[in-house]
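Please open the model in your viewer and keep the sequence beside it. The tour goes from stop to stop, saying each time what to select and what can be found there.

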Amino acid sequence: MRRRFSLLLTLLCVPLPALGLAVGCGQTVIVDDPAAAGGGGGGEAGAPPVQNGEGGKDAGTVPLEEYVDPGCPDVEPITDFACDPHDQSSGHCAPGDGCFIYVQYPVEPCGQEIYGAFCARAGSGGQGDPCSGGGECGAGFACVVTGSGTQCVQLCQLSGDSRCSPGLVCEPIDVAGMGGCL
């Protein structure tokens with residue numbers, strides 16, 4: 001029985017890049033299809049893409065020894081909040097709309113992240129409802145990748161009264177200073 005369990009566990013820890021996600025022991029990570037992003041020539045899971053027929057170097061047993069800091073200056077992220085995601089009734093958004101947070105990651109190595117919020121049509125998703133990121137969550141919620149899948153989570157303030165339901169804790173999410181009830 002133990003041998004079957006080990007085999008099953010091993011099979012569950014194998015990446016599934018053809019499906020666009022990696023399933024493993026622990027957290028599930030959703031990744032973009034590298035071919036759609038115009039990436040390199042592929043390679044094995046976990047290996048850098050092959051560029052111009054040349055392979056990457058193996059990091060060995062201590063990969064951080066080979067890391068070279070690009071020398072980026074420490075700067076504050078850019079913010080662009082068109083509304084207040086913690087006060088959905090502030091009047092910044094039209095009736096039926098909600099204030100939703102976002103993060104825009106830089107494309108260049110030393111670029112700045114942009115954190116913000118915008119008004120958009122509110123969905124019907126509440127705490128724990130599955131979502132795919134496209135307007136499915138209600139006002140005051142965000143679509144977040146969690147250990148239980150991608151789901152709507154209620155926004156909360158990291159300091160002070162988090163207003164999370166009993167059994168949930170206000171945890172930081174991708175937008176700096178914002179939390180989600182997880």
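A polar contact, a term needed at several stops, is a pair of N or O atoms within 3.5 Å; within protein, one of the two must be able to donate a hydrogen and the other to accept it, and residues adjacent in sequence count only if both atoms are side-chain atoms. The model is a predicted one, in which local features need pLDDT of at least 70 and side-chain atom pairs count only at pLDDT 80 or more, while totals for chains, interfaces and linings use all residues. Residues are numbered from 1 along each chain as its sequence is written, and side-chain values use heavy atoms, with hydrogens and water left out.

**The whole chain**

Begin with a cartoon view, in which the chain shows one helix and nine strands; here helices (H or I, at least four residues) and strands (E, at least two) are DSSP runs, numbered from the N terminus. Followed from the N terminus on, the elements run α-β-β-β-β-β-β-β-β-β. Of the 182 residues in the chain, 19% are buried, where buried means under 20% relative accessible area, exposed means over 50% and partly exposed lies in between (1.4 Å probe, protein chains only). Among the contacts with a separation of 6 or more, 34% join residues 24 or more positions apart, a contact being heavy atoms within 4.5 Å.

**Y102 and its partner ring**

Next select Y102, which has its place in strand β4 and, with 22% relative accessibility, counts as partly exposed. Its side chain makes a polar contact with the side chain of D80 at 3.2 Å. Not counting residues up to four places away in sequence, Y102 touches D80, I114, Y115, G116, A117, F118 and V175. Its C-alpha atom and that of F81, 21 residues apart along the chain, are separated by 9.4 Å.

How many aromatic pairs does the count come to? Rings of Phe, Tyr and Trp (its six-membered ring) pair if their centres lie within 6.5 Å, with planes under 30 degrees apart counted as stacked, over 60 as edge-to-face and the rest as tilted, and by this rule the count comes to one aromatic pair. That pair is formed by Y102 and F118, which are tilted, at 5.9 Å centre to centre and with 55 degrees between the planes. The pair links distant parts of the chain, since Y102 is in strand β4 and F118 in strand β5, 16 residues apart. F118 is partly exposed as well, with a relative accessible area of 35%.

Now move to T146 in strand β6, which is buried, with a relative accessible area of 10%. A polar atom of its side chain lies 3.0 Å from the backbone nitrogen of S148, and the side chain of T146 also reaches the backbone oxygen of G149 at 2.6 Å. Leaving aside neighbours within four places in sequence, T146 is in contact with Q151, V153 and L182.

A polar atom of its side chain lies 3.5 Å from the backbone oxygen of S148. Beyond the neighbours within four places in sequence, the contacts of Q151 include G128, D129, P130 and C131, and also A142, C143, V144 and T146.

**The largest pocket**

Then display the largest pocket, which has a volume of about 710 Å³. On a 1 Å grid over the protein atoms alone, a pocket is an open set of points where a 1.4 Å probe fits, with protein on both sides within 12 Å along at least five of seven lines, and lining residues have an atom within 4 Å of a point. The lining comprises 24 residues, of which I101, G133, A142, C143 and V144 lie nearest the centre of the pocket. The elements that give two or more residues to this lining are β4 (97–104), β5 (114–121) and β6 (141–146), and β6 gives the most, with five residues.

The C-alpha atoms of D74 and C110, 36 residues apart along the chain, are separated by 9.4 Å. From the C-alpha atom of R163 to that of C181, 18 residues apart along the chain, the separation is 8.4 Å.

Definitions and conventions: Grid points are joined across faces, edges and corners, and a volume is the space filled by probe spheres set on the points.
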